[in-house]
Amino acid sequence: MATTTTSNAFLTTPTKTPSEKSKKSHHHFPNSDSKSPFEAYNRLQSAAVAFGEKLPIPEIVALGGQSDGKSSLLEALLGFRFNVREVEMGTRRPLILQMVHDSTALEPRCRFQEEDSEEYGSPVVLASAIADIIKSRTEAYLKKTKTAVSSKPIVMRAEYAHCPNLTIIDTPGFVLKAKKGEPENTPDEILSMVKSLASPPHRILLFLQQSSVEWCSSLWLDAVREIDPTYRRTVIVVSKFDNRLKEFTDRWEVDRYLSASGYLGDGTHPFFVALPKDRNTVSNDEFRRQISQVDSDVLRHLRDGIKGGFDEEKFRPFIGFGCLREYLESELQKRYKEAAPATLALLEQRCCEVTTELARMDSKIQATSDVAHLRRCAMLHTASISNHVGVLIDGAADPAPEQWGKTTEEEQSESGIGSWPGITADIKPPNSTLRLYGGAAFERVIHEFRCAAYSIECPPVSREKVANILLAHAGRGGGRGVMEAAAEIARAAARSWLAPLLDTACDRLAFVLGNLFDLAVERSCSRDSDYGRQSGNMDGYVGFHAALRHSYNRFIKDLAKQCKQLVRHHLDSATSPYSQVCYENIQGGSGSGVTSMYRFNQALVGSFSLELSEGGPALRHDKVRDQENIPPEKDAQETTPGKGVETREALRESQLTVPETPSPDQPCDMVYGGVKKEVGNEHGARKRQARMIGHSRNSDNLRLTNAGGLLFGNADSGLRSGSAYSDICSSAAQHFARIREVLVERSVMSTLNSGFLTPCRDRLMMALGLDLFAVNDEKFMDMFVAPGAIDILQNERQSLQKRQKILQSCLNEFKSVARAL
């Protein structure tokens, strides 16, 4: 508190020092006219506590360490004792003490406000019963909430001819260590609660500290400084001041201690208070006499017991309980007067809000029996949600993407889908770190799918698989064995690797669209509040909102299922043996046309041997040496007896006569593999060879015999060992790339857009409407009228009606107070 002296001290801020004029005209109790603002604020405070209203009511918050004298100070302010220290009043729940000066109340009348109600109970006759009520209420509430402390206050109203008009919130005392049997974090909970109660700027802080504690050793002064750094609204009280008086002998010692400027600053000055130590049962009149006597004894000791006395002009207004009480009452009255206009305006606003809320509750109760009204409101709300979903898909920046959008990593994590299956690389599409939703997030997932699909190459195929596919085609004959084998490998790889990507893309897109429901609800609420709730008021109908959400989620789930079937159909089409997707690629760019593939096949036919094993000629030679019906291999120059030269000549002739661009009626490829001659059926063998080669004039030259068996040799006119396998894999990779390109670019993108976005724009409202409204009245009302719901609504209405009545009464009272001020 500042020490600046002013002639109007009681009507200025709490940092001002009372003047000499005010000291001479001290009045212990205000007149009847000054009682009205206190009464009005007490009633308003009771309503605020009962109904949870947040009103800036001027109040005094008492805080300090346990055993620093808060309880004794409260008893002194009340003017009577009720043994509150025996139950540690306020140590576990705040206590709001509403002191009302009533000259007709020769004995104190104390009443406690009911829990969760504005009403007060019957007056408490015995003062000793007050402590018991506080203790029992505290224990019962803490047991109910299963906590050690609680911020829910107990409200006590005390009307007495010998108490001032004050309202003080007594808080739990600071402690360093939890009491036995309590949680270890109890001290921290108390500190946090007190800070919360003392933080509102309209509250005056009354901080108590024992005189035996030096300012430099104060345990809780820092906590007060955190709440009010400049002590602008803090009144510091040094309690048990009489214990420190014995240490002073000279005036300079007393003046230095009373100034406390070295620690509190020059603009802040504490009050020094001592109270009776005798705890014997005495009458209320005797208790007040003892308080006055202690004040007189302290002043006498400062004047006569100290050499040179003390600076009475400077420090006298801060010595004694009487000065503190008068200052608190005048300061609170000043705050009431300052806060009256703002309080009046706030009350008018709250009354209007409660009246509107009450009208809305009446409408809701009436609607529970009006099915047509409920259907209309529900349809309007559903239409609003559907429209907002469409807007979010088409592109919107409201609500804020920073709050509602998700990054790619968040989408993967929250959807539970994770990374793309079969891909080890980290797929990061453009804008992956931006928070997107709606159509933007949908397009980002589409692009992410493309990146994932193009990151897959045709997987390696084992030699055994190549041999099994290729030799089977050779056995069936035809001129496209190599190409068909490579295409079959590519088709199998596409089905295996691209199918999981398609399913994942559908699931990710469904997650993006599923998130739009909450965004549409938020957008609908904000827009409806701006435009007067034109889409129907459906607040509080939990059952309907749950049904609407369920219907929307089911709609998106069905879309995902349908899209999976569609893209799988496209995949099946692209990988069908009858599809021309693979061959479209071969007819394309340089080096991969039909001519090059045909020449590749011709070279392989000329070798009449197929080598796909990994070991090369030597290894294969060892493996087949002991096999039946297969003669041992010679060196590279050895050929089948009587056939080597003729075969090579025939092959050259065949190569020269095959056209560069084969017609559909003429095979474009030669069979990849040796030719098996059927024993005892020369005619059949000739026909088969002719069919394989496709040119009758070369058929005799290309009939290859080898004792009726299939020869896997390494002739000099053939491909080197291993080259066939690598070329087959290379050709399969080209086929795979073509399948992937056609699938991604031609089919999947348009299917996903038309399968997800178009139905959300065109069919969402109809689908939701059929689910929610195409039912009879009884089933429809099940979403709105649950068992006991009407009783709950009626109870809420009664509570609102009561709150409206109380607030309106407070408003009328404050209007009278404002005119009087």
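**Note on the predicted model**

1. Start at Phe-449. Leaving out residues up to four places away in sequence, Phe-449 touches Trp-420, Leu-501, Leu-502, Ala-505, Val-744, Val-748 and Met-749. Contact here means heavy atoms within 4.5 Å.

2. A word on the basis. This is a predicted model, where local features need pLDDT of at least 70 and side-chain atom pairs count only at pLDDT 80 or more, while totals for chains, interfaces and linings use all residues. Residues are numbered from 1 along each chain as its sequence is written, and side-chain values use heavy atoms, with hydrogens and water left out.

3. Which residues touch the most other members of the largest nonpolar core? They are Phe-449, Leu-513, Phe-544, Phe-756 and Phe-784, in a core of 79 residues. Helix H18 (residues 481-514) gives the most to this core: 17 residues. Another core lies apart from it and has 58 residues, including Leu-73 and Leu-807. A nonpolar core is a set of buried Ala, Val, Leu, Ile, Met, Phe, Trp, Tyr and Cys residues joined through side-chain atoms within 4.5 Å. Buried means under 20% relative accessible area, exposed over 50%, and partly exposed in between (1.4 Å probe, protein chains only). Helices (H or I, at least four residues) and strands (E, at least two) are DSSP runs, numbered from the N terminus.

4. Cys-563 is in no disulfide, and its nearest cysteine sulfur, that of Cys-506, is 5.4 Å away. Cys-563 is buried, because its relative accessible area is 1%. Cys-451 has 28% relative accessibility, so it counts as partly exposed.

5. Check two backbone angles. Tyr-231 is not a glycine, yet has a positive phi of about 60°. Tyr-231 sits in the loop between helix H6 (221-227) and strand S7 (234-239). Is Tyr-231 buried or exposed? It counts as buried, because its relative accessibility is 4%. Lys-240, also not a glycine, has a positive phi of about 55°. Its loop runs between S7 and helix H7 (242-245). At 32% relative accessibility, Lys-240 counts as partly exposed.

6. Look at the peptide bond joining Asp-398 and Pro-399. It is cis, with omega about 5°. Pro-399 lies in the loop between H13 and helix H14 (401-404).

7. Last, Ser-369. This residue is in the loop between helix H12 (321-367) and helix H13 (371-394). Ser-369 counts as exposed because its relative accessibility is 64%. Ser-369 and Met-781 are 412 residues apart in sequence, but 9.2 Å apart in space, C-alpha to C-alpha.

Terms used: A disulfide is a pair of cysteine sulfur atoms within 2.5 Å.
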